Amino acid sequence: MEHTVNFYPLLVVTLLAVAVPVVLQRLRVPIIAGEILAGIIVGPTVFDLLGGDPNPWLEFLKLFGFVYLMFLSGLEIDFDLLAGQTESKVEKGLKRLTGTPLKAGLLFFSLTLVLSMGCSLWLIWEGYGRDLVIMSLIFSTTSLGVVMPVLKERELTFTDLGQYILVASVVGDFATVFLVSAYVTVYTAGLSFEVMLILVLLAATFLVYRLAHVSRRHLPLERLVEELSHATGQLDIRGSLALAVVFIALAQGLGVEVILGAFLAGAIVSLLSEEHGSELRPKLNALGYGFFIPIFFIMVGVDFDIQALMDSPEGLAAVPIFIFIAFAVKMLAAFVYRLRFSWREVIGIGSLTSARLSLIIAVAAVGVNLGALSEAMNSAIILLSLVTVVLAPLIFNRLIPAAPHSRNHIIIAGSPPQARVLAQRLAERREPVIVVTANPTFVEEALKAGIDTIQVEPGEHAKGLAKARPDEATALVCMLEDEDALELLAPKARRELGIPTVIAYVQDRERAERLRSQGVKIVDPTFSLIVILEAMVRHPQAFSLLTDFDTERDVRVVRMSNPSLEGRRLGEVTLPGDALVLVVDRDAELVIPRGGTQLYRGDLLTLVGSPDAVDLAAEKLTAPS
């Protein structure tokens, strides 16, 4: 007998997924919070528009949205951020505890976990919970998905404060997923051999990454993936989803919590995609946040049992207590950052990391499945998440105001001939430039050319840099002849002064690797020359766009902000004259544009062409409507 599928509940949920972002467009409320509220409205709590019986298709999509959310959480992990931090050699005593963002993040999470365990013991004693570990992990979570957008909006991502907050959030996400997975395995299988199967999953993660890494370097897979990742092929998306399902099935087969498998699959994709900029991450995010994940959060709202909460005096009383503890454990643990930051910044760290959304709901869902949480307590935790994602960013934004100046100039530190030519060319293209140099001849030449100049004593470039308005700089080009001084100056400019792009002209390979690990972009004179010659030989016509001195060319980076071009394919957008889009920078991912590349607000587009054409193209791409 043929079974008829009822698409009506899915229709309601997908229409909500479309309506929520539109309704919340002008409100500073996270879309995820709006999706949960929308689910509550259409669920049995209010209007009961989905019918009384559970829909198996929606239940499956909810489950897949849940594991896909964990997959994207793994994809958000920036391993360069974790591995690329070096400790200052001059710090001594207690300050060494926060010598790097990773050390501080581990200490912060450890203190949060200890404080959460103490609070959870009291909650269980008072009848607000049943399981110490699950309750402790619930209060230890942080929402990286809330933290990252707030830091980007305040232009704090590459500052010292922003890096410490980001790493603390990454450590909290990774440690929580691992610990809850390990606990579920112990809880269901006991302290047996099956617990060791978590190590099998970790070993499989390392093996798959190494095989993929070796294959793309030594086998002709790179070009194959590139050729089949467009139009109907989309091999990069298919491969990523297949990898996620493989690890989910592997975790399930090993008896390990599936969220760990999904998270590790996302981490593998993150490691591999970091090496080669592509459209992969935006595609995966679009697939998840465009369909699967909204269904999960809407269904969380649908399943929200407010009646169980209303019928439970303990559940109602738990809501304000949970909210207080959620902020208190983070605020108290953040005191460790007082060794490095002001009290205002410490409270800001504690407030922003108090935001909890996707991961706390995931851990609570695991707790319900284990019988460690009642439905009333689960509903209280969902309310807790909604409150924290609204309050935490508001408190942080009040404590840490946005940068008062927009970034609009480039700093060049050093005085080799290349620095002089670069400063002159940038000035000719109407780019604001400030030169910091100890060479009096360069100072005289720059002043004659109308270039702002700061003259310093030899070895005092750091002092000059502090006078060059680094909080307003878009980039710093370090071309110091003393490479020891350069190695100290470049990372400091990026981390402490918050200059988002720092470029170093370095000839020593080992020094270049150390700087690269700290987020500094490297120009190796020898290797760069080889790359240029190779480009001229292989692609002479394309390369002439930038090197043809018979025709004046302009290169400019603009931020796409025209709402009428949102989602349009580049091939459908006619740019004036000979203007071309060379590169698209989307959330720190460099995308080589093609006709099918879609444009999104916030994309940084590198334009090349004649000055007039570039001016008109920039106006079109940044027009308000």
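Mentor: We begin with a definition: axes are lines fitted to C-alpha atoms, for helices over the stretch in contact, and angles run from 0 to 180 degrees between N-to-C directions. Helices (H or I, at least four residues) and strands (E, at least two) are DSSP runs, numbered from the N terminus. This is a predicted model, in which local features need pLDDT of at least 70 and side-chain atom pairs count only at pLDDT 80 or more, while totals for chains, interfaces and linings use all residues. Residues are numbered from 1 along each chain as its sequence is written, and side-chain values use heavy atoms, with hydrogens and water left out.

Trainee: At what angle do helix 1 and helix 13 pack?
Mentor: Helix 1 covers residues 8-23 and helix 13 covers residues 280-302, and their axes are 10 Å apart. The two helices count as roughly perpendicular (65 to 115 degrees), since they pack at an angle of about 105°.

Trainee: Which residues of helix 13 make the contact with helix 1?
Mentor: Contact means heavy atoms within 4.5 Å. From helix 1 the contact is made by L10, V13, T14, L16 and A17, and from helix 13 by F291, P294, I295, I298 and M299.

Trainee: Is R356 buried or exposed?
Mentor: R356 is found in the loop between helix 16 (343-352) and helix 17 (358-370). Buried means under 20% relative accessible area, exposed over 50%, and partly exposed in between (1.4 Å probe, protein chains only). Because its relative accessibility is 0%, R356 counts as buried.

Trainee: Which backbone oxygen does the side chain of R356 reach at 2.7 Å?
Mentor: A polar contact is a pair of N or O atoms within 3.5 Å; within protein, one must be able to donate a hydrogen and the other to accept it, and residues adjacent in sequence count only if both atoms are side-chain atoms. The side chain of R356 reaches the backbone oxygen of A326 at 3.0 Å, whereas at 2.7 Å it reaches the backbone oxygen of F139.

Trainee: How many disulfides does the structure hold?
Mentor: A disulfide is a pair of cysteine sulfur atoms within 2.5 Å. C478 counts as buried at 0% relative accessibility, and C119 as partly exposed at 23%. The number of disulfides in the structure is 0.

Terms used:
Angles under 35 degrees count as roughly parallel, over 145 as roughly antiparallel, 65 to 115 as roughly perpendicular and the rest as oblique.
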